[in-house]
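Thanks for passing this one along. Below are a few friendly notes to read beside the structure.

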Amino acid sequence: MTKMIQRYPARTRLNHWAVALMFVCAGLSGLSIFHPALFFLSNLFGGGPWTRILHPFFGVLMVAGFLGLFFKMWRDNLWRDGDGAWVRHSPYLLKGDEVDMPPVGKYNAGQKLLFWVSGLCLVMLLVTGIAFWQPWFADFFPVPVRRVAVLLHATSAVALIMSIFVHIYAAIWVKGSIHAMVRGSVSVEWARRHHLLWFLEIDGKK
Ligand code: HEM
């Protein structure tokens, strides 16, 4: 039988999928009010006015949920010796040759970069979104500030959507990762192959 080890407890998985759900809701509702060609998406949220009302709340819930992940994971995402080497070797990994990849801890440098980029995008989305959130906060900000905020909001949204596409692609590509976030566990082989230093740390503790 395959020996499994725990990677994520239930509360972290619940937290993660709640953020993912809010990402989908905030993303689809945001796109529907971003361009007329995508307005049909507002049917998912009860029509135009409801989409407009709900979108900022989806966003705030996504940021609040991400904070939960952030406080749990930021330490494991700090840049360490070896991460630069991992980035330099990553073109080989993309070609399917992982033999010379430096060993990594709980997260590899690619995951770490995505973690910080998504966090930064979420902060930008929150701050800029508040600046033109009608009818609550927009009146506190002068019109030119609101205009710049709209531009930065859309830019951060595109950056976040692209980052999450990469995140999902990597999650599917590295077989066994989805199992980690759905069931909480990974096989010993998966841990040794993809996160050797993390595996050794856990094995050492045992
Ligand atoms: C919507 C579809 C999504 C899928 C299929 C997905 C899948 C996964 C999987 C499989 C992992 C485990 C990776 C590992 O342990 O090595 C993971 C981790 C993680 N996910 Fe997601 N995720 C999604 C959305 C999101 C969103 C929207 C965010 C945040 C905005 C997010 C943030 C994270 C973080 C911070 C981790 C831990 C660190 C990492 O692996 O990068 N995920 N996700």
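1. Let me begin with Cys-121. Its closest cysteine sulfur belongs to Cys-25 and lies 19 Å away, too far for a bond. This is a predicted model, so please read each value here as computed from it.

2. A disulfide would need the two sulfur atoms within 2.5 Å. The structure accordingly holds 0 disulfides.

3. Are these cysteines buried or exposed? Cys-121 has a relative accessibility of 7% and therefore counts as buried. Cys-25 is buried as well, because its relative accessible area is 15%, and the cut-off for buried is under 20%.

4. Now to the metal. Which residues coordinate the iron atom of the ligand? His-16 and His-167 do, each through NE2, at 2.0 Å. The two histidines come from distant parts of the chain, 151 residues apart: His-16 sits in helix H1 (residues 10-34), and His-167 in helix H5 (residues 143-173).

5. One last point on the two histidines concerns their accessibility. His-16 counts as buried because its relative accessibility is 14%, whereas His-167, at 39% relative accessibility, counts as partly exposed.

Terms used: Residues are numbered from 1 along each chain as its sequence is written. This is a predicted model: local features need pLDDT of at least 70, side-chain atom pairs count only at pLDDT 80 or more; totals for chains, interfaces and linings use all residues. Side-chain values use heavy atoms; hydrogens and water are left out. Donors are N, O and S atoms within 2.8 Å of the metal (3.2 Å for Na, K and Ca); water is not among the atoms, so sites may look incomplete. Helices (H or I, at least four residues) and strands (E, at least two) are DSSP runs, numbered from the N terminus. Buried means under 20% relative accessible area, exposed over 50%, partly exposed in between (1.4 Å probe, protein chains only).
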